[in-house]
Structures are given as structure tokens and as C-alpha cells.
Amino acid sequence: MPDSLQNGSKDRIKYIVLGCGSIGYNVVENLVRDSEQVIVIDSDVKRVEDLRDQNFDAIVRNITDPGFLNDLPLPEVVFVLSNDKNANLEAVKRIKEKYPSVYVVARAVDKLSLSLLEQAGADIALYPQEVFAKNVVHLTRRLHSSRLARKLYHFLSEMEGTLGIVLHTNPDPDSISSAMALCAIAKDVTDKQLNCRILYDGKIGHQENRAFVTLLDIEMEKATAEAIDECDYIALVDSSAPGENNALEPGKEIDIIVDHHQLPDQNPRPGRFVDVRPSAGATASIMTQYIQELGVNIDQKVATALLYGIRADTKEFTRNTTPQDLNYAAFLLPLTDSDLLSKITSPSMALETLEALGDAIKNRKLQSGYLFTNVGYVRNRDVIPQAADLLIQLEGVNTAIAYGIGDDSITISARNKDIRLHVGNVLKDAFSDIGEAGGHANMAAARIPLNSFSMVKNKEELLSLVIDPILEKFADQVGLGKEESNEI
């Protein structure tokens with residue numbers, strides 16, 4: 001067979017595919033949908049004849065021959081896809097020697113070949129079995145998520161009366177926006193026949209959170225025992241179980257739980273419908289997926305709230321973020337009110353907050369990469385995680401622990417950059433026997449009730465008396481020695 005192209009050679013071409021077995025053929029089929037400029041090279045004469053019969057530009061050459069690139073047009077991308085690992089490696093080397101700027105995608109026949117191909121210059125080295133496995137997992141998760149969305153739809157469609165949506169204590173934008181989304185879904189499913197009430201306890205203290213609620217005019221009410229009893233159904237969003245950082249009594253029957261925090265160790269699960277995805281960056285992401293799957297139309301207010309909820313909980317997509325979180329944000333972006341979003345993210349700071357952050361900076365102590373700071377007595381507990389967010393950015397700090405005292409509890413907030421440490425598990429192990437604690441690998445919190453000390457007037461003095469043995473529990477968990485602390 002003549003070593004030439006059907007349609008004649010050109011100076012440049014978009015794609016060249018080396019090796020056209022089952023993988024190569026599937027790649028070629030997809031490439032020709034993007035461009036007709038595809039050349040296929042294979043050493044099998046019969047295979048090349050078959051490709052030409054299907055109107056593909058194909059030639060017979062052996063990619064192990066030093067001159068196999070001679071007389072070929074300059075490609076933009078070369079796919080090296082034979083089932084011979086040595087041939088693929090040599091081909092990548094020759095392509096990069098001849099055309100250093102050409103983009104090369106190479107097939108690894110085994111895992112060892114991945115690094116060898118990358119060292120040889122391959123821009124992308126793929127191990128098909130691994131790609132297949134990841135794709136299977138991704139598709140399985142999508143299927144599971146889709147089924148959960150439909151299950152929620154049918155579950156809501158059977159409800160009549162009032163659905164109380166309970167937020168976690170001192171709710172943040174992720175929790176609030178998720179409740180708004182559940183309301184929107186419930187109203188769409190039941191044609192506005194199901195009434196929704198958003199219930200919360202604690203305070204909304206962070207200046208951005210207050211701006212979020214005020215500017216979006218979000219209707220929320222205190223989660224009193226009477227308000228909860230008036231609801232025919234109860235849903236929990238951004239909280240994993242009754243009594244876990246929320247106003248519900250432990251053991252309370254729950255109808256719906258949607259969260260991205262790990263469920264506490266208990267059996268059976270506490271809700272009739274439970275969707276808990278610790279891998280998700282935000283509960284708002286899960287709610288956005290429901291909206292997409294079910295085709296629910298949402299207004300600007302809900303879309304803006306959800307986008308801000310995802311951004312806030314992922315710290316502008318820099319913390320616990322997945323590709324799905326980015327996809328959901330992209331879906332929401334054109335539906336949002338950009339002016340409102342800008343106002344929410346640029347609120348004024350209260351003088352009390354500024355002074356508390358100043359105390360946190362002044363009181364900081366560093367020991368072996370762990371920074372501890374006493375924020376003191378605070379009426380607004382949201383200052384404490386703000387202090388942790390600020391101080392984790394300091395040079396030499398791997399883990400920042402900010403703590404303060406309110407009228408009825410001590411609050412501890414942790415931020416972590418040490419990949420060896422799961423700070424949520426550490427706080428849970430250290431403090432779950434004396435309070436509520438948990439979180440993610442790089443952010444977590446604990447709340448320790450004051451109980452019999454709640455009537456003490458001088459809270460800062462009380463904090464100084466009790467904090468040392470409390471922090472020792474954390475130090476024991478991380479193996480922190482008794483080295484001299486160094487202030488920074």
C-alpha cells in the first residue's frame with residue numbers, strides 16, 4: 001500500500017492519531033466530529049484499508065521507525081495510543097524532538113508508564129483503566145444523586161400542611177440559602193400547597209451574614225418549641241442530626257436531612273429522607289443539583305443566595321471544593337443579581353468586630369506551627385471564626401485555634417493547612433465528651449456549654465480559669481509537646 005494520504009498532504013493539520021486499536025478508533029470517531037483534519041497512522045495494513053473505506057485519512061507506518069514523522073503536516077495535537085508501551089515512549093520522544101510545541105496525549109499501558117511518558121514530554125499521559133474507573137465512579141455518583149433528587153420530589157409531593165426547615169445554630173449563608181432552595185422546591189412540587197417556615201436559633205452575627213439576610217429580605221423566625229410543634233414536618237439543612245448544633249431535641253423525628261457534614265455515629269439514620277454528602281463543598285451545592293435535576297425555576301433571590309452560600313462555605317472555591325461545586329456555581333451565575341451579590345460581600349464592619357479581631361491578633365501565641373489566640377468575651381460569636389480565618393494566613397502557622405466566651409458557652413474555631421491533620425476529627429475526639437465538636441479536615445469548630453457557670457458575670461476571668469485544661473485536650477490529640485511558645 002502506498003505510504004500517502006488520501007486527500008493529499010497539507011502544511012498543517014489539527015490531529016494525528018498514532019495507533020488505531022479499539023481505544024484509538026473511539027478517539028478518532030470523536031475527533032472527526034470536531035474537525036475533519038485527522039490523520040490516522042497504524043502499522044496494520046488491513047486496519048488502514050478499513051479506515052480508508054470509512055473515508056478516514058489513514059496511512060501505514062510503524063511508529064517505532066525513526067522517520068515515521070517524515071512528510072507529515074505539522075499537527076496541533078498528537079495522540080499516541082498504541083498498545084505497545086515502548087513504542088509509545090519512543091514516539092513521544094521523537095515527536096517532542098521534532099515538534100517541541102506540539103501538544104501530545106499519550107496512552108500508558110501500565111501505571112509505571114505514566115511517569116515515563118510525562119518525563120519524555122507527554123503533556124497528558126492517560127492510563128485507560130484508571131480513566132474508566134474514575135468515570136464509572138463519577139457516573140455512579142451522578143446516578144445516585146439523580147435518584148435522590150427524584151426521591152425528594154416524590155417525598156415532598158405527598159406532604160400537606162407546614163414544613164419547618166431548621167437551620168443549625170447561628171446559621172451561615174450555606175444553611176440559610178439551602179433552606180430557601182428547599183422552600184422553592186417544595187412550592188414547585190406541591191404547586192404552593194405546602195407552607196414552609198425557616199427556623200433558627202442563636203444569632204446571625206457575622207457582618208456579611210447580616211447583610212446577606214437583610215439585602216435578600218429572607219424571612220426567618222426563631223426556632224421556639226411552639227414554632228417547631230406547629231410544623232407537620234421537620235427538615236434539617238446543613239446539620240446532620242437533631243440536637244447536633246441545632247434547636248431540636250436529640251431523638252426528635254425528622255422527615256428530611258440534607259447536609260455535607262459527616263453523620264454522627266448512630267444507627268438507624270435519624271431521617272425518613274437523608275442525603276448527606278461529606279465530599280460536597282456546600283449543602284447549597286446539593287440543593288442546586290436538586291434544582292437542576294428537577295427543572296425547578298428559581299427567582300433571582302434564591303439563585304443569588306445559593307451562589308453566595310457555595311462561595312462562602314468553600315471560601316471562594318479555595319476550601320473543600322469539588323468540580324461539581326464549580327459546575328453548580330456556573331449554573332447559578334447567570335440567574336443571580338450581581339449588584340446584590342456585590343453589596344453582600346462588601347458590608348461595613350462593626351467596631352466591636354474590629355476590636356475583637358485586634359484582641360485576637362494581640363493575644364496570639366505560636367507553638368510548633370499551632371497558633372492559639374484568646375478573643376475574650378464576645379457578644380457576636382462569628383468573630384471567633386473570623387479571627388481563625390485571619391490568623392491562619394500568617395507565615396509559619398499551620399493550624400490556627402481561636403477561642404472565646406459568650407453568655408452560655410465557650411466557642412473554639414480551628415483552621416488548618418497541615419495535610420497530615422484532620423482538624424475536624426481532632427476537635428471531635430478532644431471535645432465531644434464535654435460539648436459539640438466536628439468539621440472538615442481544614443476547618444472545624446467546637447462549642448462547650450458553660451452549664452453551672454452561665455450566671456458568672458466576669459466571663460473573661462472565667463475563660464482564663466477553665467481554658468487551659470480544655471486546650472490540653474486538643475494538645476494531647478495532636479501530640480503537641482511542652483516546647484516554649486513563641487509569639488509572632
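Predicted model: local features only at pLDDT ≥ 70, side-chain atom pairs only at ≥ 80, totals over all residues.
The contact between the two helices involves Ala284, Ser285, Met287, Thr288 and Ile291 on the H9 side, which meet Leu306, Gly309 and Ile310 of H10.

The loop that links H10 to helix H11 (323–332) contains Glu316. The phi angle of Glu316 is near 55°, a positive value in a residue other than glycine. Most residues other than glycine have a negative phi. Glu316 has a relative accessibility of 42% and is therefore classed as partly exposed, since that class covers values between 20% and 50%. A positive phi, of about 60°, is also found at Asp238, which is not a glycine either. Asp238 belongs to the loop between strand S10 (233–237) and strand S11 (254–259). In contrast to the partly exposed Glu316, Asp238 is buried, with a relative accessibility of 3%.

An open sheet is built from six strands, arranged in the order S13-S14-S15-S16-S18-S17 with mixed pairing. The edge positions are taken by strand S13 (365–367) and strand S17 (436–439); each has a single partner strand, so one side of each has no neighbour in the sheet. From one strand to the next, the twist averages 15°. S17 runs antiparallel to strand S18 (residues 443–449), and four bridges join the two. Within this pairing, Gly439 has Ala444 of S18 as its bridge partner.

Thr373 is located in strand S14, which covers residues 370–377. The relative accessible area of Thr373 is 1%, so this residue is buried, the limit being 20%. With neighbours within four places in sequence left aside, the contacts of Thr373 are Asp359, Ala360, Ile361, Asn363, Arg364, Leu391, Ile401, Ala402 and Tyr403.

The largest nonpolar core has 58 residues, of which Leu156 and Leu163 touch the most other members. Helix H6 (residues 173–189) makes the greatest contribution to this core, with 10 residues. A separate core lies apart from it and has 28 residues, including Val78, Val80, Leu114 and Tyr127. When residues up to four places away in sequence are not counted, Leu163 touches Leu156, Leu182, Leu194, Asn195, Cys196, Arg197, Tyr233, Ile234 and Ala235.

Model confidence was also examined along the protein chain. The average pLDDT is 87, and 93% of the residues score at least 70. Over residues 4–9, pLDDT stays under 50, and the model has 13 contacts beyond four places in sequence for this segment. Residues 483–488 likewise stay under 50, with 15 contacts beyond four places in sequence.

Technical notes: Residues numbered from 1 in each chain as written. Heavy atoms only, no water. Pairing = 2+ DSSP bridges. Axes fitted to C-alpha atoms, helices over the stretch in contact; angles between N-to-C directions. pLDDT = per-residue confidence, 0-100. Contact = heavy atoms within 4.5 Å. Core = buried A, V, L, I, M, F, W, Y, C linked by side-chain atoms within 4.5 Å. Buried < 20%, exposed > 50% of the residue type's maximum accessible area, 1.4 Å probe, protein only.
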